[in-house]
Amino acid sequence: MSAILSIHAGTGGTDAQDWAYMLLRMYIRWAEKKGYKTRLVDSLPGEEAGIKSAVVLIEGPWAYGYLKGEKGVHRLIRISPFDANARRHTSFASVTVIPEIEEDIEVEIKPEDLKIETMRASGHGGQHVNKTESAVRITHIPTGIVVTCQNERSQYLNKMTALKILKSRLYQLEKQKLEKKKESLIGEKKEITWGNQIRTYTLHPYKVVKDHRTQYENYKVDEVLDGEIDDFIREYLLWEAGQKNKKESQDAEVQSTVNA
């Protein structure tokens, strides 16, 4: 199943926006090495550098299964290239991953429930950027879900891509209601700041990337930031399976006690 991956800069100003861009590059490089197709469907550039947010489609078999463990807050520690005094800064960005639903799954979207707006695309791009209203923002009125797409070549393509993402988000919302798990769509909601990180990327005074769930560490930081994250993905999937087995064992033990 393909994945819809969103990145948002958090605490840290320009450094956080640069960090968000570094994460976007890392996931795109990972996808390219896997042979997956990537499409950047929306991005909001930072004032000085990097991005405030971005949404990328990663299309290919098992993309969501591999990336689902990447959702959460990612922390970067480094000497800031934006600090004239070369001080160490800590920056944060959040990652959200949801599956792109299959075409044969029906989600009803009524035209009267949609508010469709067009606007000029923002940021860097081709000759038509900021000149024509090719960007599209769709608001699903009953749920308040808003999807923006501006990186396709035409207003029509932006609209079709935005509808596709909206359909996936509505499906996830329905699944969320059925399973009675309020956080199943985007995971547990946490502030994009200190203390909530799932992984820390340290570039100074030493180099290491550590996942705080699995405790796995990798000292080849440059390679990790260039998309070599398979080891983190594998360790998370093993950890997740272990957590699931542990919970099932605990539930079985409780049930056995109740039946005794």
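## Asn158 and its surroundings

Asn158 is in contact with Ser134, Ala135, Val136, Cys149, Gln150, Asn151 and Glu152, leaving aside its neighbours within four places in sequence. Contact here means heavy atoms within 4.5 Å. This is a predicted model, in which local features need pLDDT of at least 70 and side-chain atom pairs count only at pLDDT 80 or more, while totals for chains, interfaces and linings use all residues. Residues are numbered from 1 along each chain as its sequence is written, and side-chain values use heavy atoms, with hydrogens and water left out.

Where does Asn158 sit? Its place is in helix H3, residues 155-179. Helices (H or I, at least four residues) and strands (E, at least two) are DSSP runs, numbered from the N terminus. Is Asn158 buried or exposed? Asn158 counts as buried because its relative accessibility is 0%. Buried means under 20% relative accessible area, exposed means over 50%, and partly exposed lies in between (1.4 Å probe, protein chains only).

## Ser168, also in H3

Ser168 is in helix H3 too. Ser168 counts as buried, because its relative accessibility is 1%. Not counting residues up to four places away in sequence, Ser168 touches Ile4, Pro99, Glu100 and Ile101. Ser168 and Ala3 are 165 residues apart along the chain, yet their C-alpha atoms are separated by 10.0 Å.

## The sheet

Two strands pair if DSSP finds at least two bridges between them. Strands of a sheet pair through backbone hydrogen bonds, either parallel or antiparallel.

Strand E4 (residues 72-79) pairs with E5 in the antiparallel sense, over eight bridges. Arg78 stands opposite His89 in E5.

## Two nonpolar cores

In soluble globular proteins, nonpolar side chains tend to be buried together. A nonpolar core is a set of buried Ala, Val, Leu, Ile, Met, Phe, Trp, Tyr and Cys residues joined through side-chain atoms within 4.5 Å. The largest one has 32 residues. Leu5, Leu23, Tyr27 and Tyr201 have the most contacts inside it. Several elements give two or more residues to this core, among them strand E1 (3-9), helix H1 (13-34), strand E3 (51-59), strand E5 (88-99) and helix H5 (230-259). Which element gives the most? H1 does, with nine residues.

Leu23 touches Ile7, His74, Ala93, Val95 and Tyr201, not counting residues up to four places away in sequence. A second, separate core has 18 residues, including Val41, Val107, Leu114 and Ala162.

## Salt bridges

Side chains of opposite charge can pair when their charged atoms come close. A salt bridge is a side-chain nitrogen of Lys or Arg within 4 Å of a carboxyl oxygen of Asp or Glu. How many salt bridges are there by this rule? The count comes to 21. Glu59 and Arg39 form one of them, at 3.5 Å from N to O. Glu59 is in strand E3 and Arg39 in strand E2, 20 residues apart, and the pair links distant parts of the chain. Glu59 counts as buried at 18% relative accessibility, whereas Arg39 counts as partly exposed at 22%. Leaving aside neighbours within four places in sequence, Glu59 is in contact with Ser2, Tyr36, Lys37, Arg39, Glu100 and Lys164.

Glu240 forms a salt bridge with Lys68, with the closest N and O atoms 3.4 Å apart. Glu240 is in helix H5 and Lys68 in the loop between H2 and E4, 172 residues apart. Glu240 is partly exposed, with a relative accessible area of 28%, and Lys68 counts as partly exposed at 25% relative accessibility. Arg213 and Asp211 also form a salt bridge, their closest N and O atoms being 2.8 Å apart. Asp211 is buried, with a relative accessible area of 0%. Arg25, Arg29, Glu32, Lys33, Asp226 and Glu228 are linked in a network of salt bridges.
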